[in-house]
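Welcome! Please take a moment with the sequence and the 3D view below, and then we will walk through them together.

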Amino acid sequence: MLINCTQKGCLQQTEAKLDRTTNEVTCEACGNVIENITKYTKKALSDIGQVSRSRSSQPFQALCQQCNKNQPLYTEEERAFCKVCNTQVHISAAFMRGLKEYEKGQKKDNKKGKKK
Ligand SMILES: [Zn+2]
Ligand SMILES: [Zn+2]
């Protein structure tokens, strides 16, 4: 289901996703919250499963033995630790690479909005 993004500089039709925790619809192309989405559209998005994961859940989680559930991780040198209890979590090398890339992306702060 395509939604028209209202963000200046984007204005694309995208498969915008509903965030069930905040009840906001986010543009897939620019990452901005799209205003003026009716509750009917939101319900439709929810019904067809066009929803984003809640903000609290992040990519690159792994099972922490200490917490006994999936937790976000942080890296220190070549090791990964549970962000919640700081226990080392053993992950594959590929996962580690991905996690480091992800952390790099986070640090950049995503402030490049304007392309033109
Ligand atoms: Zn957009
Ligand atoms: Zn933990």
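How far does helix H2 reach from its first C-alpha to its last? The answer comes below, after a few words on how to read this model.

## Reading the model

This is a predicted model, in which local features need pLDDT of at least 70, side-chain atom pairs count only at pLDDT 80 or more, and totals for chains, interfaces and linings use all residues. Residues are numbered from 1 along each chain as its sequence is written, while chains are lettered from A and ligands numbered from 1 in the order in which they are written.

The predictor's confidence in each residue is its pLDDT, on a scale from 0 to 100. The protein averages 86, and 87% of its residues score at least 70. Strand S10 (residues 88-89) has the highest confidence, at 96, and H2 the lowest, at a mean of 86.

## Overall layout

The protein has two helices and ten strands. Helices (H or I, at least four residues) and strands (E, at least two) are DSSP runs, numbered from the N terminus. Starting at that end, the order of elements is β-β-β-β-β-α-β-β-β-β-β-α.

Of the 116 residues in the protein, 13% are buried. A residue is buried if 20 or more other C-beta atoms lie within 10 Å of its own, exposed if 12 or fewer, and partly exposed in between, with C-beta atoms placed from the backbone.

## Helix H2

Now for the opening question: H2 (residues 93-107) reaches 21 Å over its 15 residues, close to the 21 Å expected at 1.5 Å a residue. The expected span is 1.5 Å times one less than the number of residues. H2 is hardly covered, with one buried residue among its 15.

## Two cores

A nonpolar core is a set of buried Ala, Val, Leu, Ile, Met, Phe, Trp, Tyr and Cys residues joined through C-beta atoms within 7 Å. The largest one here has eight residues: Ile3, Cys5, Ala16, Leu18, Val25, Cys27, Ile34 and Leu45. Apart from it lies another core, of six residues, including Cys64, Leu73, Ala80 and Cys82.

Two residues are in contact if their C-beta atoms, placed from the backbone, lie within 7 Å. Leaving out residues up to four places away in sequence, Ile3 touches Gln13, Thr14, Ala16, Val25 and Ile34.

## Gln13 in strand S2

Gln13 sits in strand S2 (residues 13-14). Is Gln13 buried or exposed? It counts as exposed because it has 11 C-beta neighbours inside 10 Å.

Beyond residues up to four places away in sequence, Gln13 touches Leu2, Ile3 and Asn4. Glu28 is 15 residues from Gln13 in sequence, and their C-alpha atoms are 9.2 Å apart.

Strands pair if DSSP finds at least two bridges between them. S7 and S8 pair in the antiparallel sense over four bridges, and Leu63 has Asn70 in S8 as its bridge partner. The two strands form a hairpin with four residues between them, where Asn68 in the turn has a positive phi of about 60°.

S8 also pairs with S9 (residues 79-82), antiparallel and over four bridges. Here Thr75 stands opposite Ala80 in S9. Two residues separate the strands of this hairpin, and Glu77 takes a positive phi near 55°.

Gln66 lies in the loop between S7 (61-64) and S8 (69-76). Gln66 is partly exposed because 13 other C-beta atoms lie within 10 Å. Its contacts, setting aside neighbours within four places in sequence, are Cys82, Cys85 and Thr87.
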